[in-house]
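This report describes selected structural features of a single model. The sequence and structure are shown first.

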Amino acid sequence: VQLQASGGGLVQPGGSLRLSCAASGSIFSITHMGWYRQVPGKQRELVATIVNGGSANYADPVKGRFTISRDNAKNSVYLQMDSLKPEDTAVYYCKAYCKSRSWSPPRDYWGQGTQLTVSS
């Protein structure tokens, strides 16, 4: 299973950006997908997750500003980020918790990360 994230870049404070992540390869089922972020010297932290049924969970710092969505048919997850702040600057990683075969145990798969910089 491979995850390819895209959409990062440089944005001014107050601006918006949309991240995309597509899972490919041998995928039997995906339980949930999500976005995490990491800044140098700190641990990777949860941004948002979404399960098959569409129920989403957000970290407090992004509630009301970020929206996670998912396209099950495309094995893809998206993160719409609005009202961006300098403290949102980080490398954003997508993750899928999935099974590659019907008999294989589910596990986490990570994308390569995409850089978001919020600065004027």
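The model is predicted: local features need pLDDT of at least 70, side-chain atom pairs count only at pLDDT 80 or more, and totals for chains, interfaces and linings use all residues. Residues are numbered from 1 along each chain as its sequence is written, and side-chain values use heavy atoms, with hydrogens and water left out.

**Aromatic pair and charges over rings**

A pair of aromatic rings is described by the distance of the centres and the angle of the planes. The structure holds one aromatic pair. The ring centres of Tyr36 and Trp110 are 5.1 Å apart and the planes stand at 65°, so the pair is edge-to-face. Rings of Phe, Tyr and Trp (its six-membered ring) pair if their centres lie within 6.5 Å; planes under 30 degrees apart count as stacked, over 60 as edge-to-face and the rest as tilted. Distant parts of the chain are linked by this pair, since Tyr36 belongs to strand 4 (residues 29-38) and Trp110 to strand 10 (residues 107-110), 74 residues apart. Strands (E, at least two residues) are DSSP runs, numbered from the N terminus.

Arg44 lies over the face of Tyr93, and the charged end of Arg44 also sits over the ring of Trp110. A charge sits over a ring if NZ of Lys or CZ of Arg is within 6 Å of the ring centre and within 35 degrees of the ring normal.

| Residue | Ring | Distance to ring centre |
|---|---|---|
| Arg44 | Tyr93 | 3.6 Å |
| Arg44 | Trp110 | 4.7 Å |

Tyr36 counts as buried, at 15% relative accessibility, whereas Trp110 counts as partly exposed, at 35%. Buried means under 20% relative accessible area, exposed over 50%, and partly exposed in between (1.4 Å probe, protein chains only).

Four strands form an open sheet in the order 1-3-8-7, with antiparallel pairing. Its edge strands are strand 1 (2-6) and strand 7 (66-71), each of which pairs on one side only. On average, neighbouring strands of this sheet are turned by 15° against each other, direction ignored; axes are lines fitted to C-alpha atoms, and angles run from 0 to 180 degrees between N-to-C directions. Two strands pair if DSSP finds at least two bridges between them. Strand 1 and strand 3 (residues 17-24) pair in the antiparallel sense over five bridges.

Strand 11 (residues 114-118) is joined by three bridges to strand 2 (residues 9-11), in parallel, and by three bridges to strand 9 (residues 90-99), in the antiparallel sense. The partner of Leu10 in strand 11 is Thr117, and that of Val91 is Gln115. The covered face of strand 11 consists of Thr114, Leu116 and Val118, and the uncovered face of Gln115 and Thr117.

Gln2 lies in strand 1 and stands opposite Ser24 in strand 3. Gln2 is partly exposed, with a relative accessible area of 47%.

Arg65 is found in the loop between strand 6 (56-58) and strand 7. At 10% relative accessibility, Arg65 is buried. Its side chain reaches the backbone oxygen of Pro61 at 2.8 Å. Leaving aside neighbours within four places in sequence, Arg65 is in contact (heavy atoms within 4.5 Å) with Gln80, Met81, Asp82, Ser83, Leu84, Lys85 and Asp88.

Key
A polar contact is a pair of N or O atoms within 3.5 Å; within protein, one must be able to donate a hydrogen and the other to accept it, and residues adjacent in sequence count only if both atoms are side-chain atoms.
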